[in-house]
Amino acid sequence: MSVGNTSPQSRRAFAPIDISIPCAPPKSCAHLIPSTPCTREAWHDTTLNCLHTDDHAGLDWLSRHRLGDASPSGARVVEARMPWAREIDLHVPASPVLNREASIGLLRWLAIAGSNPVAVDLSGQQLEPAMTDALADILKKTGRLTSLKLINCRLTAPQIQNVCAAMADNKSVLALHLSANSCSQSASTIALMLQQNSTLKTLALEACGLEEPGIEIIGRAASNNRILEELHLSSNDWGDKGWSAMTTVLESPALLNLRMSLVDLPQEKVFADFCQALENNTTLKRLTFGDSDELSRAQADCLNQALEKNLSLDHLEMLYRPFTSLSGSSQGSAHSGWINNCRLRSVSLVALRFTEPECDALISLLKHSGSRLTSLALRASYVTRDVRRSLVDAITKNRNLKHLEVDRETVGLSGDESDAIDRALARNRRLHVAAGNAVHQLWNRSGLSLPTDMAIELGEAFADCTTGSTMTAVVEALFIKV
């Protein structure tokens, strides 16, 4: 469908997220697009070979392409990334570990002067000190890197400090992932980086062995940072002072995403202050919360009030374990917070047992006329038959839900139940697409040009407030009048 004459800038901003046909590869990569699909192993071997041989043309081609989803046979199709996307992305396989020669090849490629930003994922690699020294030097001298993932690289404290010190003055990296490395002795350097860096938007420090003093100093630094949008601090030991520091972080106008699961609960007064800050926050879009500890009644009341009255959250991921101690008749109110927040667009629930109180809470949200929920993820290892039937009924009758993530075999969905859910989700997606198409026609009829995917997004935004069919009828009525 034609979308009119759009400028290159608007095309980059609103073009559909699609995959184009692969361009002709250099000789070193030609074998990846034969008449039959290739495998992940072949892709990884080619990447390593290009690193070993300093094949910069091959690395550039690999960075601009990717493997599609695996077929039942394990084969994958090579796909080109969006041709208008400026950033190129190189994911180095975690296994086998790069040897010195391949590491040198990677660094040479990163150091090439060029205009294209580069996102590099070295997660799982065992990086030698010389490698992180070279990375730090690149961070200081080049403006190509926009994302650096060093997850589970077994970095030592001096290595982490070296990278973070280089990041302090870096102007290009937008995302730094250091999760699953030991950062307990590097908190001060990380905090100094947050104080001095003016471009970093995402910092991931999950499962880094951080303790109360480290979380406190990082939290204080993050609270004064007006650029950082995502902070991942799950699976660390916050302590009361850490929680207090993170309370001030919630007052930051920039923070959009906070991950804080598997964090021990603080004293009730500290927890109440945190919940009050969450209630008053007007910018946070995504929150991941939960632990194996059980909430007290006072803590549950504070959290429920915060979740119900918060006006900005779009996505909530929560472990159910904190509410399990609130048994009997009182447990119904234990879930009152999130089920009464009809502004939520996406909910992810994790529970060992998904029982009637949880089911009733979720069904209440699915049936609420004002609910904007379009995506739901259920991760449970046990669901009773009655609960399953009630959930299937609520899901199939909901007119907004478009995406459902659930282990259907573990939950015990029958073939008929699974088919009914698929039909309902497909129906809802069609309704929203129809609304988007109607917006697109209306806009183009008025003489302006609107890319199709942008129209669909607008249609979804309106459709979330009512039903897709109602939105379509309204837009079509307006279309007739134009």
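Let me begin with threonine 283, whose place is in the loop between helix 10 (268-280) and strand 10 (286-290); helices (H or I, at least four residues) and strands (E, at least two) are DSSP runs, numbered from the N terminus. Please bear in mind that this is a predicted model, in which local features need pLDDT of at least 70, side-chain atom pairs count only at pLDDT 80 or more, and totals for chains, interfaces and linings use all residues. Residues are numbered from 1 along each chain as its sequence is written, and side-chain values use heavy atoms, with hydrogens and water left out.

Is threonine 283 buried or exposed? Threonine 283 is buried, at a relative accessible area of 18%, where buried means under 20%, exposed over 50%, and partly exposed in between (1.4 Å probe, protein chains only). Its contacts (heavy atoms within 4.5 Å) are with Ser252, Pro253, Leu255, Leu256 and Ser312, leaving aside residues up to four places away in sequence. The side chain of threonine 283 also reaches the backbone oxygen of leucine 255, at 3.4 Å.

Asparagine 152 is not a glycine, yet has a positive phi of about 55°; with 43% relative accessibility, asparagine 152 is partly exposed. Arginine 154 lies in the loop between strand 5 and helix 6, and likewise has a positive phi of about 55° without being a glycine. Arginine 154 is exposed, at 61% relative accessibility, whereas cysteine 153 is buried at 0%.

How many disulfides does a search of the whole structure find? The search finds 0 disulfides, a disulfide being a pair of cysteine sulfur atoms within 2.5 Å.

In helix 3 (residues 56-63), the buried residues are Gly58, Leu59, Trp61, Leu62 and Ser63.

A search of the whole structure finds 1 cavity of 30 Å³ or more. Here a cavity is a set of points, on a 1 Å grid over the protein atoms alone, where a 1.4 Å probe fits but cannot get out; lining residues have an atom within 4 Å of a point. The largest cavity is lined by 13 residues, with Leu378, Leu391, Val406, Val411 and Leu413 nearest its centre. Strand 13 (375-380), helix 15 (385-397) and strand 14 (403-406) each give two or more residues to that lining, and helix 15 gives the largest share, 4 residues.

Key: Polar contact = N/O pair within 3.5 Å; in protein donor to acceptor, adjacent residues only side chain to side chain. 1 Å grid on protein atoms, 1.4 Å probe; cavity = no way out; pocket = protein on both sides within 12 Å on 5 of 7 lines; lining within 4 Å. Points joined across faces, edges and corners; volume = space filled by probe spheres on them.
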